[in-house]
Amino acid sequence: MTASHPTRRTVLTAALGLAGVATLGGCGSLRRDARIREWNLFGGGDGARLLQIHDKFVAEHKDMAFEAHTLAWGPPFYTKLAMSAAGGRAPEVATLHLSRLKGFSPATMLDPIPLDLLAKAGITEPDFLPATWDRCKIDGQLYAVPLDQHPFVLYYNTDICAKAGLLGPDGRIKPVRGVEPFLDMLRAVKEVTGKFAASIETTNPWRMWWTLYGQLEGGFFDESGRDLVIDDAKALEALGLMAKLAADGLTPKSADYPSLVAQFSNGDAGLSFNGEWEVTTYQTAKLPFSMAPFPVVYDVPKYAGDAHTFVLPHQAVRNEADTAATIEYIAWMLKNSAEWAAGGHIPAYQPVVASPEYLNLKPQAEYRSVAPDVLFDPDAWFSGSGAQLQNEAGAAFAGVLAGRTTPRQGLDQFKAATRKLLDTPSPV
Amino acid sequence: MAVQTPPRTTSSPPTTTAPQRPGPPWTEKWGGLFFVAPFGVLFAFFLLWPTLSGLWNSFFNTSLAGVQQEFLGLRNWQEMFGDPAVWASLRNTLVFTAMSTPPLVVIALVMALLANRQGLLGWFLRFAYFAPFVLPATVVTLIWVWIYQPGFGLVNGLLTAGGFAEIDWLNTENRAMLAVVITTVWWTVGFNFLLYLAALQGIPEQVYEAAAIDGASGRQQLFRITLPLLSRTTGLIVVLQLVASLKIFDQIYLMTDGGPNYATRPIIQYIYESGFTSYRIGYASAVSYMFFLVIVIVSIAQFRLFGGRKEADR
């Protein structure tokens, strides 16, 4: 008798049950277990590009549940990633500066990359520059897959440099070599702009100093990584040249990062010494500009730089299907990195570097030759992009450029700060 | 308890049921606990437990990187006492507090006095003085970093227009802290202003009328009536302001990131850097506890001074 008269409650229950079954059915066809959550730190022009590339990935991979999250660059990103990995509940994949790999404690915070899956997805060791690939390995295990390299380069305003007589017949800036030709080039530009020759970031001139010091082939740590072996004469030579540029008004005495971008954009400076990632900014501003390798001011070509890599942050319980999908994602990103290169970065995946799609990118392909000479930060837990060593260099060297302290004082302060970091027990 | 228990001798008709008679029901005796339980649980979980675990951590080399921790005893504390960065950043915090508290009290008072008596203009002044306080730290710092920029900033524009040389406010060691203080005063003085305004409006009009009849000048009314009657409010504002200034972090982190050359880095930023950027939770805990002690000492000193004033008032 109850069956013939369904009450309102039974009808509702039945409806809910049906809805539930429908949802479950939907899940089954969606292959729910392939989930990829990605964390990255690209907030600028390259971040906008990353989103476009991700949209394409999602369109081609309907069977994977993909979500990307962009977090604030630098310490906030690394702190959040470290905490999620230390708790074992990290996202499936994250971006990491290669220079920070060691400081990120591979043993506890990263999971090794399954080489067999990577090979299955078509990515193998010969696809990369040996130096880059080796740096992704720790104790024989691969912990990171490099996506790109981003060296310190030279931006030049083509109008200003043409007036200064610095361009060759092909419209490219004529390469200079040595300190005096370098200074002559800057003086010629200053003559045209009436203000500065080059815009640089004085509040953190680490990349500039590391480039010049690297060109002098100066060392940093000894073999053991426990002792500081900075060559004072070379370090002071590099620092002295930077102080001279500022004192002569060829570069500003004081400029933070936004000022660096502004001074090149508005023509106060005809050159800019910076990482290559501001291409999009200047293209959007319709600036007449191109790019070239940073001049070899001293003995050997070396350029401060770093690489963005993909890592698998530590998960207490790793889902095999998710990991497989994640490796597929990494491989897809590498194979499609020509679009990523449009944002300025040199692809790490060599087949893309050789592709016409990349070679036709102007000015992004103009400085690709420097890739083998990219000089990574010293290898230590407190070193790398946005890490403590760069902050200490900024604190010590900014005063030298501003003319408040001598190169000697700046170097002594930096060495003392680095020694203190070396003496600090490593937390990783 | 003794008061509630009736003396045995006076107990009238002893009944056998008396000892077994249920006392006040259990819920009545312990019911109060239920009322505080929600807060108690939150307090224990979010304040008491982290506070104690912070102290515990300060004796270990606890790392955010999840490596095996080992007992260090007092070594974190020893390292802290020998770490010049700790003392430099603590000094910056105290300097900021000393530089920001007096103007935040005095300017708030002056603004309240100005806004209190205005009829038509009053609503505008009240709005204008309080408006910056509602802005978030990120917006305030963004505005002021531009204002301070050399080359195109407002302040330097005014300086050069007046024939003075430009000042690189945020990148000069002895100017950066002043720049942060100016921004902080602009941003937060509105709150103290509001407290003063409320207190001013609480002073009865008759007091002034009586004083005026007695021939007191405006100046005398200010110093003999208004300021003394505001002394309680002043005490409150000073306490609140000291606590707020000692907690300085946001605007410095956003404007100078502690620079140039760590000239503005407050102790909380150093704790943040040690614990989160460098993963050294154990060491950061030790420094936090030291700062905790500093705040306790300041609070006790404040309490003494404030208590003393109350005695004097009587």
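Analyst: R408(A) is partly exposed, with a relative accessible area of 35% (under 20% is buried, over 50% exposed and in between partly exposed; 1.4 Å probe, protein chains only). This is a predicted model, in which local features need pLDDT of at least 70 and side-chain atom pairs pLDDT 80 or more, while totals for chains, interfaces and linings use all residues. Residues are numbered from 1 along each chain as written, chains are lettered from A and ligands numbered from 1 in written order, and side-chain values use heavy atoms, without hydrogens or water.

The partner of R408(A) is D412(A): the two form a salt bridge whose closest N and O atoms are 3.1 Å apart (Lys or Arg side-chain nitrogen within 4 Å of an Asp or Glu carboxyl oxygen). D412(A) is also partly exposed, at 39% relative accessibility. Both residues belong to helix α18 of chain A, which covers residues 407-423; because they are 4 residues apart there, about one helical turn separates them. Helices (H or I, at least four residues) and strands (E, at least two) are DSSP runs numbered from the N terminus. The pair belongs to a network of salt bridges that also includes D232(A) and K415(A).

Over all chains, the structure holds 17 salt bridges. Another in chain A joins K195(A) to D268(A), at 3.5 Å from N to O. K195(A) sits in the loop between α8 (179-193) and β9 (196-199), and D268(A) in the loop between α11 (257-265) and β10 (269-275), so this pair ties together parts 73 residues apart in sequence. K195(A) is partly exposed, with a relative accessible area of 42%.

Chain B supplies a salt bridge between buried residues. The side chains of R265(B) and E273(B) meet at 2.7 Å, N to O; R265(B) has 6% relative accessibility and counts as buried, and E273(B), at 9%, is buried as well.

Where do the two chains meet? In all, 25 residues of chain B are in contact with 29 residues of chain A (heavy atoms within 4.5 Å). Together the chains bury about 2,200 Å², of which 51% is on carbon and sulfur atoms (accessible area lost on being put together, 1.4 Å probe, summed over both parts). N171(B), Y262(B) and Y279(B) supply 24% of the area that chain B buries against chain A, more than any other three residues. There are 2 salt bridges between the chains. D83(B) forms a salt bridge with K420(A), with the closest N and O atoms 2.7 Å apart. On the side of chain B that touches chain A, helix α12 (residues 267-277) gives the most, with 5 residues.

Chain B as a whole has 13 helices and 0 strands. Of its 314 residues, 39% count as buried. Among the contacts in chain B with a separation of 6 or more, 66% are between residues 24 or more positions apart.

One residue of chain B illustrates its interior. T97(B) lies in helix α3, residues 84-117, and is buried, with a relative accessible area of 6%. Leaving out residues up to four places away in sequence, T97(B) touches P102(B), L242(B), S245(B) and L246(B).

Technical notes
Buried area is the accessible area (1.4 Å probe) that two parts lose on being put together, summed over both.
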